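User: I am new to this structure and would like to go through it in questions and answers. Please show it first.

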Amino acid sequence: MTEIFGVPIQALFGQLMLGLVNGSFYAMLSLGLAVIFGMLNIINFAHGALYMAGAMFAWMGMEYLGIGYWWMLLLAPIGVGLVGIVIERLMLQWLYKLDHLYGLLLTFGLALIIEGFFRDLYGVAGQPYSIPEEFAGAFNLGFMFLPKYRAWVVVASLTVCLLTWYLIERTRLGAYLRAATENPKLTQAFGINVPLMVMLTYGFGVGLAGFAGVLAAPASQVGPLMGSNLIIVVFAVVVIGGMGSILGSVVTGLGLGIIEGMTKVFWPEASATVVFMIMAVVLMIRPAGLFGREK
Amino acid sequence: MMKRKLLALAISASLLPAAGSALAQAGKISGDVVKIGVLTDMSGVYSALGGKGSVLGAEMAIEDFKAQFKPKFKIELVSADHQNKADVGSNKVREWYDTQGVDMVTDVLNSGVAIAVAKVTTEKNKIMLNTGAASTRLTNEDCAPTNVVHYTYDTYALANGPGKAVTKQGKDSWFFLTADYAFGHSLEKDTAEAVKANGGKVLGAVRHPLNASDFSSFLLQAQASKAKVVGLANAGGDTINSIKAANEFGLTKNQTVVGLLTTIVDIHALGLPTTQGMMFTEGFYWNLNKETREFSRRFFSKHKGMPNMLPAGTYSAVLHYLKAVQAAGTDDTATVMKQMKATPINDAFAKGGRIRDDGRMIHDMYLVEVKKQSESKEPWDYYNVKQVIPAEEAFQPMALSRCAAVKK
């Protein structure tokens with residue numbers, strides 16, 4: 001068998017594939033963050049908590065109402081989106097004019113409150129959530145054993161990312177949104193309801209987090225801490241990709257997932273830090289991020 | 001002004017402990033109150049293992065003790081969250097000892113915190129009944145048998161059961177998935193030694209960061225190792241995520257996954273379909289006999305979950321301590337420790353348990369296998385007890401002790 005640095009090439013392909021799966025989660029979460037930052041100028045620290053809420057909603061739907069995975073894949077993001085809209089209306093809308101720091105602190109506080117709420121209700125051990133029957137089992141790709149569910153995660157998240165990109169960059173609605181970001185007053189003067197659009201954008205952005213949460217539920221521990229473990233990495237992804245850049249966040253998310261996967265093979269102890277090392281280097285060379293534009 | 005306040009504080013602080021010990025030496029109970037502190041993780045990664053459950057265990061022990069002995073002294077219980085930080089934990093305990101008259105602390109899960117708190121306890125000459133932390137350092141390099149008892153379990157006991165039993169079943173090649181910090185390393189080392197001692201071999205290990213969000217990559221490496229057994233030297237959420245991924249990647253078809261620190265709380269969080277067939281050691285199972293069932297159902301009615309070995313151990317430790325105070329008629333540390341070591345422990349948690357000279361409480365441990373869904377008859381009916389590991393075998397023998405205080 002061919003080897004690269006003592007690792008069989010087949011195992012390497014397997015790890016690449018896994019990196020792609022993890023990258024899909026990063027991509028989806030950082031996409032939501034990028035959309036929110038791009039349109040609202042808010043650094044949404046509550047993103048991880050809302051991702052967790054998505055997974056918890058999925059579990060609660062199953063546990064209390066008997067609603068299965070597929071319906072929850074639709075309902076949980078809507079639920080999370082509604083929570084987001086309430087947050088935006090009640091709190092965030094007063095902060096747009098202020099420094100980024102205020103939004104960051106507010107959403108950070110919210111994240112702690114949401115986490116504390118679920119922790120108080122259910123404890124930290126987490127809840128069982130099994131893989132939907134359609135995706136039980138795995139594909140034998142020859143070089144690896146790829147669970148069908150992980151393959152679905154990649155397909156679903158890439159589709160969602162692509163649709164979001166299309167919506168914002170290629171449709172009329174997206175054009176309004178971008179205009180509203182560029183010059184809210186002028187856009188409003190053309191008769192477009194900017195506050196409404198901003199509200200919906202936030203709802204949509206956190207809805208993406210909720211969607212990622214449901215996708216993650218069968219594959220990882222469904223518990224109140226699942227978001228805080230992930231969110232720091234996702235922020236690093238956003239910084240590397242360039243704040244507010246949609247394409248950047250998707251590409252960087254996938255890319256970093258793969259790099260992290262490779263690190264897990266060659267130097268597992270460093271796998272938690274590699275993303276931050278890259279972030280430090282990128283910030284030194286391109287402070288606005290790989291895909292960001294200097295202002 | 002400020003200076004005078006400081007001076008007054010310093011004087012009163014220096015007087016307080018002196019007054020306390022003078023009273024105790026008189027063979028009385030200091031302040032007429034026996035005060036017990038439960039120091040634990042109330043909200044972090046380990047709070048599901050101990051946390052509120054441990055506080056409840058201590059409360060139940062006090063309740064039972066009062067009902068049985070009608071003591072003349074008052075008993076008070078305080079609890080605090082150490083947030084898994086050694087400095088927070090040791091400061092809290094220092095405050096408890098110095099200003100609140102706490103006589104004994106218990107639970108103290110998280111080995112890092114436990115080692116720090118053990119030092120404060122020794123310095124203040126109080127008692128620590130550690131029912132939560134795992135590291136064997138507490139009865140070896142950092143032992144303090146005059147003040148500290150390691151009560152419920154340790155990494156040696158966890159490692160020994162599966163290390164021996166699984167290897168002897170012919171599953172003799174191991175690969176470890178290890179949390180990359182002191183606890184994980186010590187668990188891996190203890191298990192590897194047990195495996196080798198029983199004729200097995202260790203093919204390798206991968207060290208993952210604490211709270212890694214995805215384990216599939218590490219599991220793929222374990223799969224590629226072709227080892228018959230994959231040992232999980234991690235705990236809490238890391239164990240849960242490892243097991244979930246192991247199932248998903250079909251690892252469990254050809255390899256046996258052994259969670260080295262797994263309790264019934266983790267099994268409940270994962271569900272039987274994911275965990276069936278797993279083997280590990282636990283110090284307590286609610287469905288062992290009439291006594292454990294009664295205790296656990298009482299616990300369940302307040303906690304909405306069955307106790308694992310941590311709350312059950314805390315219950316036992318607090319009860320044993322109170323009985324010793326009652327028998328000795330004092331809460332003086334040396335007298336109570338002597339009394340506790342002289343008395344065998346018989347309650348819902350342990351049968352014929354005893355505290356050794358090195359501070360290790362030894363009792364039977366249970367090698368359990370997780371039931372299939374079809375075998376489980378009621379909620380929380382999760383284990384088949386494969387083997388009762390007798391106390392003398394379950395824990396590190398005294399001959400191997402690295403504790404300076406007991407070495408001859």
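User: How far apart are the end C-alpha atoms of helix H1 (residues 9-40) of chain A, and what should the 32 residues span?

Analyst: This is a predicted model, in which local features need pLDDT of at least 70, side-chain atom pairs count only at pLDDT 80 or more, and totals for chains, interfaces and linings use all residues. Residues are numbered from 1 along each chain as its sequence is written, while chains are lettered from A and ligands numbered from 1 in the order in which they are written. Helices (H or I, at least four residues) and strands (E, at least two) are DSSP runs, numbered from the N terminus, and the expected span of a helix is 1.5 Å times one less than its number of residues. For H1(A) that span should be 46 Å, which agrees with end C-alpha atoms that are 45 Å apart.

User: Is H1(A) mostly covered or uncovered?

Analyst: A residue is buried if 20 or more other C-beta atoms, placed from the backbone, lie within 10 Å of its own, exposed if 12 or fewer, and partly exposed in between. In H1(A), 26 of the 32 residues are buried, and the helix is therefore mostly covered.

User: Why does B:Thr252 count as partly exposed?

Analyst: B:Thr252 is found in helix H9 (residues 251-254) of chain B. The residue counts as partly exposed because the number of its C-beta neighbours inside 10 Å is 18.

User: In what order do the three strands of the open sheet in chain B stand?

Analyst: Two strands pair if DSSP finds at least two bridges between them, and strand E14 (residues 365-370) of chain B pairs with E15(B) over six bridges in the antiparallel sense. Strand E10 (279-282) and strand E15 (383-389) of chain B are the edge strands, each pairing on one side only. The pairing in the sheet is antiparallel, and the order is E10-E14-E15.

User: Which residue in E15(B) stands opposite B:Val368?

Analyst: E14(B) and E15(B) are paired in the antiparallel sense. Opposite B:Val368, the residue in E15(B) is B:Val385.

User: How far apart do the C-alpha centres of domain 1 and domain 2 of chain B lie?

Analyst: Chain B is divided into domain 1 (32-153 + 289-358) and domain 2 (156-282 + 368-389), with bounds that come from an automatic or database domain assignment. With contact taken as C-beta atoms, placed from the backbone, within 7 Å, 14 residues of domain 1 of chain B are in contact with 16 residues of domain 2 of chain B. The C-alpha centres of the two domains lie apart by 28 Å.

How values were computed
Contact = placed C-beta atoms within 7 Å.
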